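Here's a quick briefing to read with the model open beside you.

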Amino acid sequence: MKKSLFLNLYVTSLLLLTACGSPQVNNADYNVVPLPQKTEPAQGASFIMNSNTTIVYPEQDENLKRIANFLSDYIKFSTGYSLQTSDKEGANSIVLRSNLTHTNKEAYTLTVNSEQIVVNGASSAGTFYGIQTLRKSIPAASDGCAVSFSPVTIEDYPRFGYRGMMLDVGRHMFPVEFIKEYIDIIALHNMNTFHWHITDDQGWRIEIKKYPELTEKGAFRKKTVIGRNTGEYDDKPYGGFYTQEEAREIVAYAKDRFITIIPEVDLPGHMLAALHAYPHLGCTGGPYEVSPEWGIFDDVLCPGNSDVYTFLEDVFTEITDIFPSEYIHIGGDECPKVRWAKCPKCQAKIKQLGIKADKEHSAEEKLQSYVMSYVESFLNNKGRKIIGWDEILEGGLAPNATVMSWRGTEGAIAAAKQGHDAIMVPTSHLYFDYYQTANVESVPLSIGGYVPLSKVYSFNPIPKELSESEAKHILGVQANLWTEYVTTTQQVEFKVLPRMDALAEIQWCLPENRNYDAFLKRLSNMIKHYNKKGYNYAKTVYEINAKTNSNSDKGVIELTLSTIDDAPIYYTLDGSTPTQESTKYAGTLSFSEGTTIMAKAIRPDFETPVYTNTFSINKATMKPVTISQEPHRSYTFGGAPVLVDGMSGNKGNYKDGSWLGFSRSDFEIDIDLKEPTSFSEVSLNSYVCTGDWIFGIKELAILVSEDGKVFKPVATQTFPDPAEHTEKVFENKVTFDTTQSRYVKILVKKENSMPAWHGGAGKPAFVFVDEVSIN
């Protein structure tokens with residue numbers, strides 16, 4: 001027995017020496033993304049995977065045979081070994097099964113002993129997710145090496161049945177081979193749904209044989225705007241589309257990887273490309289053009305025209321023939337009603353249907369509900385269900401519709417309380433076209449916003465407002481990638497990776513298994529796989545993470561710096577660029593005077609962009625502060641202390657956490673200067689971005705008090721409203737004769753409804769403010 005054991009060890013050592021050039025074995029690491037629900041180490045010897053290992057599947061099981069071939073390809077990429085697949089089970093094998101008994105059909109177990117690895121799914125899909133865990137546990141740097149798998153039992157299943165990722169090809173489209181790569185990335189992250197946005201104002205991207213001009217004309221625009229609707233254009237024709245044959249090829253590719261493609265034909269708005277091809281489908285008859293710009297446009301389908309319903313039936317007949325998905329997405333978002341209000345056909349349709357406006361909805365909003373219900377009924381008769389953006393709640397929800405909640409979580413909450421299913425995709429956490437770094441100058445232009453990795457990971461898909469039974473209507477979670485400013489496949493990768501890892505853990509892991517710091521450690525291994533695949537992931541994950549705290553008790557601003565991999569950080573306070581000769585960061589820094597800090601994380605193979613921040617100290621800095629109303633829940637960030645933290649709001653991004661956003665009404669800011677203080681000026685910055693419905697401060701009134709109870713007015717200043725679209729930071733300053741007081745009250749009057757010249761005229765406007773300065 002001892003001789004036999006010695007011989008086995010000797011042979012194994014020879015194999016390792018031959019494969020790796022050294023006796024060292026690469027050890028598998030089960031701490032993958034997404035993290036399995038339960039991992040139990042077991043006793044015994046490890047399983048050594050080498051070139052003689054066989055992947056075994058049940059005889060005549062074509063699904064598991066295909067999965068075995070996938071696993072063989074994955075392992076070859078990681079190690080260089082071409083493992084044979086077989087339907088004959090034996091030792092030194094990875095065995096695939098799909099007979100696990102479990103209430104969740106996507107569940108699997110993964111067990112390892114010295115003789116075998118067994119992956120057993122509750123379905124073929126479950127087995128597929130099991131091999132994803134297996135492939136990700138293999139170290140990326142395993143070329144030519146054996147891999148040791150320690151004995152373990154993993155029991156795993158997803159939290160949500162809908163785990164999606166969206167890609168918009170209406171604004172910019174991408175080659176078929178890249179769409180397949182995108183599907184591979186989705187599969188790597190244990191997702192099961194690809195939401196494919198294939199039509200929009202800027203291009204119709206899917207062949208419809210009955211309406212050839214949709215792609216002959218509607219798939220091409222004459223030019224594309226440069227920047228954010230600047231009025232300047234590149235004067236280059238842009239366009240293209242996917243043939244039905246190509247779409248079917250992509251559908252089959254996804255199906256093989258247990259991914260369902262849900263196509264989206266957005267209606268009745270976002271239809272300029274279709275109207276350009278068939279202008280009689282609009283209220284005015286045109287002419288229309290495929291939009292060279294981004295945004296929301298008044299020209300939409302005309303629901304008073306009977307030809308529109310024929311058109312929609314014909315289009316969805318071909319769409320359902322191409323895409324076998326249970327769900328079809330029909331959009332329903334951002335549909336202005338201005339044409340309908342003046343269109344004789346639409347008004348006649350409203351009268352014919354007996355539609356009446358009420359306190360909550362206009363007749364035109366209810367007309368959209370009729371259109372959506374019509375399409376839903378047509379698709380229901382074909383055995384399909386519809387998904388729509390949360391605007392479909394306006395005017396009444398179609399009977400069996402699923403709501404995709406993007407303007408926050410409110411749409412999902414409303415749908416669930418009405419007994420409808422919903423999918424979470426709020427802009428605040430899951431719009432991957434938004435910036436993922438506050439250092440916006442270091443990355444390509446984006447639509448705006450700020451959704452860093454940590455923000456994605458923090459999302460809770462089940463709102464506390466829902467009861468246990470209502471929460472069951474939350475089918476799952478998705479992230480969106482809109483492509484107005486995403487023009488290349490490299491940019492797509494940059495936008496989604498590594499934020500897709502955080503998304504995967506939201507979708508898969510139970511809340512008690514989620515921990516951001518632990519996730520970051522596991523993410524570093526995933527990034528090594530990205531490097532091996534050549535994915536252009538965002539290196540912003542390696543940037544310095546800075547946290548500030550206004551310590552009013554000590555009268556200092558505290559700054560803490562860190563990186564995902566604990567790389568050494570060097571900093572300067574004299575305005576010079578840091579090097580390895582600069583001061584090495586060793587712990588929290590404190591500042592009581594105005595300071596500009598520059599910091600850099602320096603690694604052997606690359607350096608991060610320089611982190612720069614200027615702390616400006618005034619008489620309000622670090623003082624106790626309160627606000628009379630809560631900021632909008634999407635823009636609360638650090639709350640009132642943000643206004644006196646010594647840092648002015650980012651001039652290029654109002655969503656990065658340095659601004660507070662308000663939408664309801666005027667509000668007050670109260671500051672306790674802690675002692676009687678002399679001052680003659682008060683200022684408050686505002687971020688104006690009228691295209692995003694953000695206007696400036698209309699008026700500031702300054703009041704003071706000795707006791708914090710009785711206030712007397714000191715000065716008032718009004719500020720002009722913008723007369724055209726503007727994006728700019730304004731300093732709103734009020735000056736007056738020197739006064740002395742301890743307590744200061746700032747009354748902030750905002751633009752409560754947008755002006756007549758704006759597309760959102762009459763609707764509530766936001767105001768974003770930051771950094772109170774008292775001098």
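The largest cavity holds about 40 Å³ of space. Keep in mind that this is a predicted model. A search of the whole structure turns up one cavity of 30 Å³ or more.

**The cavity**
- Rolling a probe the size of a water molecule over the atoms shows where empty space is left.
- If you want to find the largest cavity on screen, look for its lining: Pro-444, Ser-446, Gln-491, Phe-494 and Lys-495.
- Sorted by class, that lining comes out as two nonpolar residues, two polar ones and one charged.

**Helix H6**
- H6 covers residues 244-256, which makes 13 residues.
- From first C-alpha to last, H6 reaches 18 Å, close to the 18 Å expected at 1.5 Å a residue.
- Which residues of H6 are buried? They are Gln-244, Ala-247, Ile-250, Val-251, Tyr-253 and Ala-254.
- Just after H6 comes Phe-258, with a positive phi of about 60°.

**Ser-86**
- You'll find Ser-86 in strand S5, which runs over residues 84-86.
- Is Ser-86 buried or exposed? Ser-86 counts as buried because its relative accessibility is 19%, and the cut-off for buried is under 20%.
- Setting aside neighbours within four places in sequence, Ser-86 is in contact with Thr-54, Ile-55, Val-56 and Tyr-57.

How values were computed: Residues numbered from 1 in each chain as written. Predicted model: local features only at pLDDT ≥ 70, side-chain atom pairs only at ≥ 80, totals over all residues. Heavy atoms only, no water. 1 Å grid on protein atoms, 1.4 Å probe; cavity = no way out; pocket = protein on both sides within 12 Å on 5 of 7 lines; lining within 4 Å. Points joined across faces, edges and corners; volume = space filled by probe spheres on them. Nonpolar A, V, L, I, M, F, W, Y, C, P; charged D, E, K, R; others polar. Helix = DSSP H or I, 4+ residues; strand = E, 2+ residues; numbered from the N terminus. Expected span 1.5 Å × (residues − 1). Buried < 20%, exposed > 50% of the residue type's maximum accessible area, 1.4 Å probe, protein only. Contact = heavy atoms within 4.5 Å.
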